[in-house]
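Morning, everyone. I have one model to walk you through, and I will go side chain by side chain. Here it is on the screen.

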Amino acid sequence: MRPGLPAVLVSASLLLLGAAPGTGDPSPLPALMADTGGGSQLITAEASAPSATSGTLTWWERRGGGWVKEGSAAARFGAKGLVEGAARKQDTNTTPTGLYDLPFGFGLRAAPSGTSVEYRAVTAGSWWCQDNDSDSYNRWVEPLPGDCRAAESERLSSYPEQYAHALVIGFNYRKPVRGRGAGIFLHVNGAGATAGCVSVPRDAMRRILQWVDPRKGPHIAVGTATGDTALTRY
């Protein structure tokens, strides 16, 4: 220390030295991603590693040139973890990673007040066809068509808790590849890990449905914090 330096200046100098560069708020996750879908709404579902069955789901909105966090909730993934969407196999209990659109919502319960996304009411005749041999593969069908076996499909009303409210995740949806997987949703939590979907508590699912605005091009990105399936790759 230089002798004779006034104590007040010494204190000020130490404070300045302690203010290390780069201590501001980190960039929000969407700002680090390669692609966010081109809209102004994004949901990120992040796990710590491919083997994880839980993580965090966050919904973001782009305002004033930047991404703002609108909410978050604990999330669950497939019982066998996560896998790159393009390499996924059906019936593996894995959640596909990647960036996807959100075609429509559905549920056994009425849409939450303020919901603007298309929302379909589940009836006793509502099915999701997962039969690889059917023309309706990876589609909502009502009633079940003759070429779609019930044993290879999901009767939506059989899951009153999970499908109280849900959003379709557009994995393998626009141009379905047989054997890659069908019926991947964002839905309400069940008893534990999912069969490949992403799930959140019921209150969070309701808030997401109220928030999603189809005019804002909403997408969901599913991935891990690091590695080959890192969210920042999508």
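Cys197 is buried, at 7% relative accessible area. Keep in mind that this is a predicted model.

Cys129 sits in strand S8, residues 127-129, and Cys148 sits in the loop between strand S9 (139-141) and S10, so the pair ties together parts that are 19 residues apart in sequence. The link of Cys129 and Cys148 is right-handed, with 115° about the S-S bond. Are these two cysteines buried or exposed? Cys129 is buried, with a relative accessible area of 0%. Cys148 is buried too, with a relative accessible area of 3%. For both, the cut-off is under 20%. A quick reminder: a disulfide is a covalent bond between the sulfur atoms of two cysteines.

Now the whole chain, briefly. The protein chain has 3 helices and 14 strands. There are 234 residues, and 45% of them count as buried. Take contacts between residues at least 6 apart in sequence: 61% of those join residues at least 24 apart. The accessible surface comes to about 11300 Å², and 52% of that belongs to carbon and sulfur atoms.

Next, aromatics. A search of the whole structure finds 10 aromatic pairs. One of them is Tyr100 with Phe171. This pair is edge-to-face, with 5.7 Å centre to centre and 85° between the planes.

A second pair is Phe104 with Trp140. Again it is edge-to-face: 6.2 Å centre to centre, 80° between the planes. Phe104 lies in the loop between S5 and strand S6 (105-107), while Trp140 lies in strand S9. The two are 36 residues apart, so to speak of this pair is to speak of a link between distant parts of the chain. Phe104 is buried, with a relative accessible area of 2%. Trp140 is buried, with 14%.

Phe104 and Trp140 also belong to a cluster.

What sits over its ring? The charged end of Arg120 does, 5.6 Å from the ring centre. There is another contact of this kind at Tyr234: Arg233 lies over the face of its ring, at 5.5 Å from the centre.

On to charges. How many salt bridges does a search of the whole structure find? It finds 10. I will show you some of them.

Asp101 meets Arg174 through their side chains, at 2.6 Å from N to O. Asp101 lies in strand S5 (residues 95-101), and Arg174 lies in the loop between strand S11 (166-168) and strand S12 (185-188), so the pair ties together parts that are 73 residues apart in sequence. Arg174 is exposed, with a relative accessible area of 53%. The cut-off for exposed is over 50%.

Now Arg202 and Glu161. They form a salt bridge, with the closest N and O atoms 3.1 Å apart. Arg202 is in helix H3 (residues 202-211), and Glu161 is in the loop between strand S10 (153-155) and S11. This pair links distant parts of the chain, 41 residues apart. Arg202 is partly exposed, at 26% relative accessible area. Glu161 is partly exposed as well, at 36%.

There is also a network. Salt bridges that share partners join Asp131, Asp133 and Arg149.

Last one: Glu70 with Arg63. Their closest N and O atoms are 2.6 Å apart. Glu70 counts as partly exposed, at 32% relative accessibility. Arg63 also counts as partly exposed, at 44%.

That is the tour. Questions, please.

Conventions. Residues numbered from 1 in each chain as written. Predicted model: local features only at pLDDT ≥ 70, side-chain atom pairs only at ≥ 80, totals over all residues. Heavy atoms only, no water. Salt bridge = Lys/Arg side-chain N within 4 Å of Asp/Glu carboxyl O. Buried < 20%, exposed > 50% of the residue type's maximum accessible area, 1.4 Å probe, protein only. Helix = DSSP H or I, 4+ residues; strand = E, 2+ residues; numbered from the N terminus. Disulfide = S-S within 2.5 Å. Phe/Tyr/Trp six-rings, centres within 6.5 Å; stacked < 30°, edge-to-face > 60°. Lys NZ or Arg CZ within 6 Å of the ring centre and 35° of its normal. Contact = heavy atoms within 4.5 Å. Areas by Shrake-Rupley, 256 points an atom, 1.4 Å probe, with all protein chains shown as cover.
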